[in-house]
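Colleague: I am new to this one. Could you walk me through how to read it?
Modeller: Gladly. Have a look first.

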Amino acid sequence: MQYDHVDRVLVQWQHQRPDLDCSPMGVVGRLSRMSRLIDKKINIIFKNNSLTSVEFDILATLRRFNEPMTPTELYQTLMLSSGAMSTRIEQLVKRELIERIASSEDRRSCSVMLTKSGKLLIDNVLEEHVLNANSILEPLNDVQREQLAILLRSWLLQNES
C-alpha cells in the first residue's frame, strides 16, 4: 500500500495524540488537497481562453439555459453578489461575449444573452473543460467515479443550503 501526505500527517498525530481519533482529518485533508489541485488544472483552461472561473460560469449558465436571463437570475443561480455580477456582466459586454436586451415593461431592467462569439467561445471552452475533467479523473475507473459521485452528492445534499 502506498502512503500519501495525509497518511504521514495522520501517523504523526497518532504518535502525538493516540487518545484522539484524527481519521476525519484524513477525509477533509484529502478533499482540501484535491480541491487545490483540481482548481489549478481547471483554471489553466479558463486562463488559456482569457476567462476567469466566474466568467466561465456566467457564460456556461447562459448557454445551459439557452435563453436571456436577468442579472438577478444569474447571480442567484451562481450565488454571487449583485455588485460582482454587474461588474462581470459589464466586462463580458465590453468583450462582446454577451449583450444586454432592454425590458419592454421596465426601462430600468434588462436581460442578458450570449452573442454569437460568446456562444462559440463557451462551446469551445466547454469541450476543453470536459476533456480536462476526464483527465483529472483518469486515476479512477468508471465504477470508482460513480461511487465518488454518490458519496459527494450525499455530503452536499446534507451541507448545502
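This is a predicted model: local features need pLDDT of at least 70, side-chain atom pairs count only at pLDDT 80 or more; totals for chains, interfaces and linings use all residues.

Colleague: Let's begin with α5. How many residues does helix α5 have, and what should they span?
Modeller: Helix α5 covers residues 82-94, which is 13 residues. At 1.5 Å a residue they should span 18 Å. The end C-alpha atoms of α5 are 18 Å apart, so the two values agree.

Colleague: Which residues of α5 are buried?
Modeller: Look for a relative accessible area under 20%. In α5 the buried residues are Met85, Ile89 and Leu92. Viewed down the axis of α5, they fall within an arc of 65 degrees, so they line one face of the helix.

Colleague: Which residue with positive phi follows α5?
Modeller: That is Glu96, with phi near 60 degrees.

Colleague: Now the helix pair. What describes two packed helices?
Modeller: Two things: the angle between their axes and the distance between the axes. Here, the axes of α3 and α5 come within 11 Å. They cross at roughly 80 degrees. Angles of 65 to 115 degrees count as roughly perpendicular, so α3 and α5 are roughly perpendicular to each other.

Colleague: Which residues meet where α3 and α5 are in contact?
Modeller: From α3 come Val54, Glu55, Ile58 and Leu59. From α5 come Met85, Arg88, Gln91 and Leu92. By class, this contact has five nonpolar, one polar and two charged residues.

Colleague: Stay with α3. Which of its residues are buried?
Modeller: Val54, Glu55, Phe56, Ile58, Leu59, Ala60, Thr61 and Leu62. The buried residues of α3 pack against α2 (23-48), α4, α5, β1, β2 and α6 (116-136). As for length, α3 has 13 residues and reaches 18 Å from its first C-alpha to its last. That is close to the 18 Å expected at 1.5 Å a residue. After α3 comes Asn66, whose phi is positive, near 55 degrees.

Colleague: And α6? What should its 21 residues span?
Modeller: They should span 30 Å at 1.5 Å a residue. The end C-alpha atoms of α6 are 30 Å apart, which agrees. Next, the burial pattern. Gly118, Leu121, Ile122, Val125, His129, Asn132 and Ile136 are buried in α6. Down the axis of α6, these buried residues fall within an arc of 90 degrees, so they line one face of the helix.

Colleague: Which residues are exposed on the other side of α6?
Modeller: Lys116, Leu120, Glu127 and Leu131. What covers the buried residues of α6 includes α2, α3 and β2.

Colleague: Now a single residue. Is Thr115 buried or exposed?
Modeller: Buried, because its relative accessible area is 15% and the cut-off is under 20%. Thr115 sits in the loop between β2 and α6. Leaving aside neighbours within four places in sequence, Thr115 is in contact with Glu96, Leu97, Ile98 and Glu99.

Colleague: Last one. How does Arg145 count at 24% relative accessibility?
Modeller: As partly exposed. Arg145 lies in helix α7, residues 142-159. Not counting residues up to four places away in sequence, Arg145 touches Asn134, Leu137, Glu138 and Leu140.

Note on methods
Residues are numbered from 1 along each chain as its sequence is written. Side-chain values use heavy atoms; hydrogens and water are left out. Helices (H or I, at least four residues) and strands (E, at least two) are DSSP runs, numbered from the N terminus. The expected span of a helix is 1.5 Å times one less than its number of residues. Buried means under 20% relative accessible area, exposed over 50%, partly exposed in between (1.4 Å probe, protein chains only). The arc is that of the directions from the helix axis to the C-beta atoms. Axes are lines fitted to C-alpha atoms, for helices over the stretch in contact, and angles run from 0 to 180 degrees between N-to-C directions. Angles under 35 degrees count as roughly parallel, over 145 as roughly antiparallel, 65 to 115 as roughly perpendicular and the rest as oblique. Contact means heavy atoms within 4.5 Å. Ala, Val, Leu, Ile, Met, Phe, Trp, Tyr, Cys and Pro count as nonpolar, Asp, Glu, Lys and Arg as charged, and the others, Gly among them, as polar.
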